[in-house]
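Trainee: Please take a close look at how the chains meet in this model. Then follow the packing into the chains that take part.

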Amino acid sequence: MNWLMAIVQTGLFVILAPLLTGWIKWCKCRLQNRRAPSLLQPYRDLWKLTHKQPVVAEQASWLFIITPYVIFSAMILAASTVPLIAVDLPTSASADVIVLVGFFALARFFQALAGLDIGTAFGGMGSSREMTISSLAEPAMLMAVFTLTMAASTTNLSFAIGFVLDQGIVLRPSFVFALFALILIAIAETGRIPVDNPATHLELTMIHEAMILEYSGRHLALIEWASEVKLMLYGVLIANIFFPWGIAQQFTWSALGDALLSIVAKLMLLALFLALSETLFAKMRLFRVQEYLSFAYLLGLLGLLSHIILEVSR
Amino acid sequence: MEILQLDFYTQAVLSLAALIGLTSFLMLGQGRLLRLVFVFALQGLLLTLATGLAAYTLDNQHLYISAALTLALKVIFIPWLLRRHVLRMNMHRDVEALHNKTAVMLGGASLMIFSYYVLLPVISNTTTMMVNALAVSLSVVLLGMLLMISHRQAIAHVVGFMSIENGLFFAAIVSTRGMPMVVELGIAFDVLVAAVLFGIFFMHISKSIDTLDVDMLNRLNEVDR
Amino acid sequence: MIPAYLLLFVPFVGIIYFALAGHQPQVGRINTWFNAVALVMSLWLAINVLNSGAILSGSQYFIVDSFNVYLIVLTAFVGLTTSIFSASYMAHEKDLGKLTDKRLRLYYSMYQGFMLTMYLVLTTNNMGIMWVAMEGATLATVMLVSLYRTPESIEAAWKYFILCGVGIAQALFGTILLYYAAIQSGDAETALLWSVLFENAAQLDPEILEIAFVFMLVGYGTKIGLVPLHNWLPDAHSEGPTPMSAVLSGLLLNDALYAVVRNKMLVDGATQSHIAGYLMMGFGLLSFLVAALFLHRQKDIKRLFSYSSIEHMGLMTFAFGIGTPFATFAALLHMTVHSLTKSAIFVTVGHAAQIAGTQSIDRIRGLINTQPKVGWGLLIGTLAIAGFPPFGVFVSEFLVLLATMHSYPWLTPLLLLGIGLACAGLFRNVQPMVYGARPEGQQPVQANLWPVMIHLALVLWMGLAVPGFLANWFTQATVLISGSAPL
Amino acid sequence: MILALAYSAVMLSFLSGLLALSMRQRKMLSRLWQYILGKYPNVPQAWRQNLNDSLTEQLYPMRLQQLVFLLLGISGLLALLAGLSVLLAQNSITDQINIGLPWLHWHVRFDGLSGLFFAIIGIAVIAVSLYGPGYVKNNDEQQHPFAVLGLFSGLFVAGMLLVLLADDAFFFMIAWELMSVTSYFLVAFQHEHSANRRAAFLYLIMAEVGAIAIILGFGVLAGYSEDFSFTFTAMRAAQLSPTWATIAFLLALLGFGMKAGLVPIHVWLPEAHPVAPSHISALMSGVMLKVAVYGLIRFTYDLLGDVQWQWGLVVLVVGAVSSVLGVLYALMQHNLKRLLAYHSVENIGIIFIGLGLSLIFISNGHEHIGVVALIAALFHTLNHALFKSLLFLGAGSILQQTHETDIEHMGGLIRNMPKTSVLFLIGCMAISALPPLNGFVSEWLTFQAALQADVLESGVLRSLIPVSAAALTLAAALAAACFVKVYGTIFLGLPRSRHCAKAQEVEGKGMPAGMGLLAGLCFILGIFPGFVIHLLNNVSGQLLGKTLSNDAVAGWIWLAPVSMHQASYAAPFVLLAIVLAGGVSFWYLRRDPAMALRHAEPWDCGFGGLTPRMQYTSTAFSMPIRRIFAKVWHIEEKIDIEKQGAMDQQVTDIHYQLHVDDVSWLRIYPPIERTVNRTARVVGRIQTGNIRVYLADSFATLIFLLWVIS
């Protein structure tokens, strides 16, 4: 039952991810007074891409070919460990939040390599920037995670969420800090404005797009899909860790239904915020990103310290 | 006890000691090599007399022998050798300008006091007056070194070296009625060989740097130039 | 006691023989034979002593106990191996036309003369004779230092002569004071005999002995090459023929130290204080550090290693000064391994200088490529002398360090500093000489490297395992010097 | 029995060294062989034939090299067996060898800790000896004599093994220095380059200073042991006052840290490791540093006994600093082997973070967590040995094929050297701590230990530990960036030099096999860490008397250091899932033949064709990081633009020069050298060359002493 549950919700993750992206696009268009594409547009794109013949450069190596699959499976793996609608899944026991970061790192590693494989200037540029940003983002992320896990005294996401649920509504300064830190990091890691602009292909500004510039057909589809899943992953992390209410703790149809509805609602809300911020803020220069990320790190650190200083009584 | 209670011979030895000390001072201030050698021979002579007297006083047989050795070596052979070299390298005319002579002299005087101060423990707990001369002999040794430090001529150095030997020898006599015979002979032999070697070295040095000024011997050093 | 007399007799014959026939072609080998015989005698002596304890000659003029017997064997051994080396070396020098027959005669006969004085210093029981012999060593070697008659060599010889002469004179004054202290209580004839003095050291007047020891230390210390009395040493070592440097470093310094230690034993016996020890420690440490610094600015390969000798003598003096059984054992071991290693190094250095045709470090290059044996010999020897295991020097330095740590912990940083400096100073100069490409027109020379191999093998042996009989000697000597055995 | 294995391992490595000496003795040997034939005519024909032609002029060197490496390999195998068996047997065997000081024979002790490191060395040595013959085959015997190389390699391995066996300070130091000195000779092996000589010199001096520090550390212990004995047994029994214990610990940290390469005493490492032959660099970087780690563990946990939390803090901070600085310095390198050497600094830092954590937890009475941290450190030690050796061997292959160590001149090798590229990729993934490889597991364990910080009383520690863990993350992420750079610049893209363009895959089976072994182990240990954890548990059981909680080591699938409830990791699942997901999507998407790949020119922004000069160089790749962390290096950047034409508007030529230096080098070492030289010059003044001054010296000395006396 549990296993089935796990597989089902991983499936849900993968299926729903494009929808989330579509929703964000929709909100942005609305906010910018443009006509919005349908919510299903991402699905259509994926479908189209998977049915085009992929073109690869002559000097592309086997690494270039396998990379999309690695990235995609790494993301699915990550998705399987994050509780979407129900806690205490067997899969989430197989990998805790640190391993989750590990999966992201794995995907990123191959992504960057693939960017360098062809030998175009853009690929290298993209990989270089991607690795730089991520290497700054990871410590900050860990700080936020630390805050959470120190409070919950576990790195297993199911148990952590369970912990928050059991406690009920507690106003923890540390969690507030951690939340904001995590949001900033999520924006940086998923390549959204103000760190990176997923919509642009302007040489000097693009990061993520620059790496996948040489991809086409099914490869591109997999990568796009993977990044959508990643976006959703972060959304779910934020939503379920800090506002877990509504998530199913026992597998009854009603509970699961509520969980599904609640998570959809939370995600829509988050996406709305994201769209709003993307409309309000402009992309920042590459060398401003470090300040942005160090601020995130600072938030994480503050969260940790406030946990140690304010919340624990010894 | 007072010098009055001493027998004549001891008094004589003590006054000889004073004279020997004086000769050291004379050498210290001496700029002309020939006179230096002469004073050195004089010191040797006084030493011989002292030895003889001591031998007579303590009627110690082998002190006579060492007196004879001293006479042969320090009064006759070595001065002759040195004189010969001085004349051969005709340095008998030039005078070595000694820097701040007075300071050196005062230093010498203070050395004498110092050596007395050093040897006080030795002198204080003994009955034989003669031991007091130990202080003089030490000061002769130290003055010899001072002489070598203050003079630049190799020959002066040899004289200083030998006067140090004199000092030691005198110390042996006044303190311990001379060393055991073997040692005396050994020392005498060493002094003899040393003297000969010095002679050889004078030739080599003057051949290599055609002067006997030791300040010119400074090729081997550790200073950045 | 016969072997002792023979031991002294052999080199005596040698002096006369070589004085007459020192210029014949086969003379080098004959010299080796003389030393070989001497070695046999010394071994014979050693066996006697091992069997029947310390020996005092009938006339009481000679004493052989566990302290000096192993030094005697060491002296004979190094004398032998060095003579093997000097045979080929001097032949080569003669071919280069650097030497005349007359000087060869002088060289060989004085070689024997030097050995004679060394044996005399070691075997005699009479402090006066010890002094005479020590002075004799100076006289014997001073002509050898100036053997090449270059201005530098003459200058070096003159400094050697004057400084050691004056220094040793102080030692005589010390001896006289000692004698004076002795005859206050005791018969004038035997009063200078070390055995007698040692027996009733307690009766000697401590104050006099302290003064005496100062003179002894300054006197013999000049010969050991303690800073600031060391100035003659690098000059003499660097300008003389290399075999001479080898024996000076390997033997003369040891024997001077031996004399000091003998006197220290008396002083410690008389004054129940540790004053002598402190003086020696101070001198030793100073020499150790200053010499280590000097290593960094050497341009002449032989000067380099003579400074390293000063450094090691400083370490030994320091160790003897500490005076605990442990330190004493270490110092004895260090005496042995240092003289073995250092003489081996000087052998290779001699060949290196012949290969490059100069002693200047800047012009000796790429030895390993030119003549691998010499290059590796020099490199390994330097490693050994710098105190890297598994060579014996490491063992002794290890023990010295720990002994210091035990008795005077606050001095160990200085030792640390010194060893580090010395290692750096040696290698910054040696590495460029052995490594690198072979310079133009640099040719291998006729070299006999058996002495090096033997010495290094022995040092290696002592590093891995101090052989039993040697350990016994050291332990007995330690008991003799410091009163009790190490552990 | 086990001890016999260990001894024979040492002996064999010695033998291989001695055997190498006979490289030049071919004639003598063949004469000997003829003599034997004459003596015993009834030697089997096969042998006769075999030996005859292996003694011929052209075959002999190769056969000898193979033989030498064979012996080395066997010794490695024996070491591995001995290590594993003692680990499984969980006992400690003691023995004495009757050489050494008269009153102190060589004491030998072989227990779990030594066994672990024995195994580590064994694995690396096996790999190296598989790799070696192919690598040294084409050496020029005159320029780089194999006799020397083989001799010192053998002695080097023997030295390392002996260090692990030593049970008294004296024997330990002998073995330790044997290791240092032989490796010094190996560093100086290619001594025709002045840079190598300089590196060797630096290495030797720092090794010496470190060794003396260690000796003094032992000295402190011995001083407190009864009757001043150097056996480790006596030192264990010694009761030290806290102050002296701390002094001893600091001395040991200095000594072993210098060998392990902690910042800022790491400077010899990036100089020395690259200049040795590659398979030796693999041993030095992969294994020798581990021996230093062993030394510190032995000294701190075993000999000193009751630890203090301040030590842990020092180790933690030093480790964190080393890990971050190490990887940052590495990022700026473009000499492949230097870069790898700097990564050793980083990984040693990570190991020390683990050690520091365990010290802190143990001293605060939380042994069960201390055990986790210790095991994490030990595991990372093992892992680093594996992948660092792998990477250095890979670098060796690249060097052999392209004659390049500068990655700026490489590129596109993935097409020319397929095998090497795969193996190297595994190494890169392992060292950048990517799941599901082994590097990730150990770092994960370290994190788990750090995450337990909130059990500690002191708030300072509780806030410092996470910060250091964040430093660890930073290091890991930067390492990933660095190895993307490395792999991308070397193997991907277009070849940047002619050598690279026509590089070939290494011929022969040996070299790939050696690397394959290590790569395979990296993989297996990543998937099934349980087995290793079990062994390490034995080690900590012997060392601390504490082991992991049961459910942690229960299954071979689950890895839960503290408890299932707190954190767990199931590598097999991860692998399975990756394979499933990847495989399914792969199969699903490629099923349609009409969808076969079409190859075409890459887009080149409309310029005619891509040239190698268009692609990102490694310097360019690391530029953003260089900007961001600019304080860490001493950077000299110079751009000169040559203009001409009217009003100097037409740019004809642009020169860009970049020189990045290690700050800790500039800050510390040249000043020391200057000071020494200056002091030496000052001291030199006392030797003026004027004899009268000399006389004055001795005169003054005499007067002074007399004055002192009276």
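Mentor: Start with what does not touch. Chains A and B share no contact, and their closest C-alpha atoms lie 53 Å apart. Contact here means that the C-beta atoms of two residues, placed from the backbone, lie within 7 Å. Chains A and C share no contact either; their closest C-alpha atoms lie 41 Å apart. A word on the ground rules: this is a predicted model, where local features need pLDDT of at least 70 and side-chain atom pairs count only at pLDDT 80 or more, while totals for chains, interfaces and linings use all residues. Residues are numbered from 1 along each chain as its sequence is written, and chains are lettered from A and ligands numbered from 1 in the order in which they are written.

Now the main meeting point. Four pairs of chains touch, and chains A and D make the most contacts among them. Chain A puts in 70 residues and chain D 62. On chain A's side, the elements giving two or more residues include strand 1 (55-57), helix 3 (62-81), helix 5 (97-117), helix 6 (121-152) and helix 12 (289-311). Helices (H or I, at least four residues) and strands (E, at least two) are DSSP runs, numbered from the N terminus. Helix 6 of chain A gives the most to this side, 17 residues. By class, this side of chain A has 40 nonpolar, 22 polar and eight charged residues. Ala, Val, Leu, Ile, Met, Phe, Trp, Tyr, Cys and Pro count as nonpolar; Asp, Glu, Lys and Arg count as charged; the others, Gly among them, count as polar.

Pairing requires at least two bridges found by DSSP. V55(A) stands opposite R598(D).

Stay with helix 6 of chain A. Its axis comes within 9 Å of the axis of helix 12 of chain A, and the two cross at roughly 15°. Axes are lines fitted to C-alpha atoms, for helices over the stretch in contact, and angles run from 0 to 180 degrees between N-to-C directions. The two helices are therefore roughly parallel. Angles under 35 degrees count as roughly parallel, over 145 as roughly antiparallel, 65 to 115 as roughly perpendicular and the rest as oblique. Helix 6 of chain A brings residues including I133(A), L136(A) and M143(A) to the contact, and helix 12 of chain A brings residues including L293(A), Y297(A) and G300(A). That contact has 16 nonpolar, five polar and no charged residues.

Chain D also touches chain C. Here 48 residues of chain D meet 49 residues of chain C. Helix 8 (194-224) of chain D is one of the elements giving two or more residues to chain D's side, as is strand 1 (93-101) of chain D. The largest share, 13 residues, comes from helix 8 of chain D. Chain D's side divides into 31 nonpolar, 10 polar and seven charged residues.

Strand 1 of chain D has a partner in its own chain. Strand 1 and strand 2 (residues 104-110) of chain D pair in the antiparallel sense over seven bridges. They form a hairpin with two residues between them. G100(D) stands opposite H105(D).
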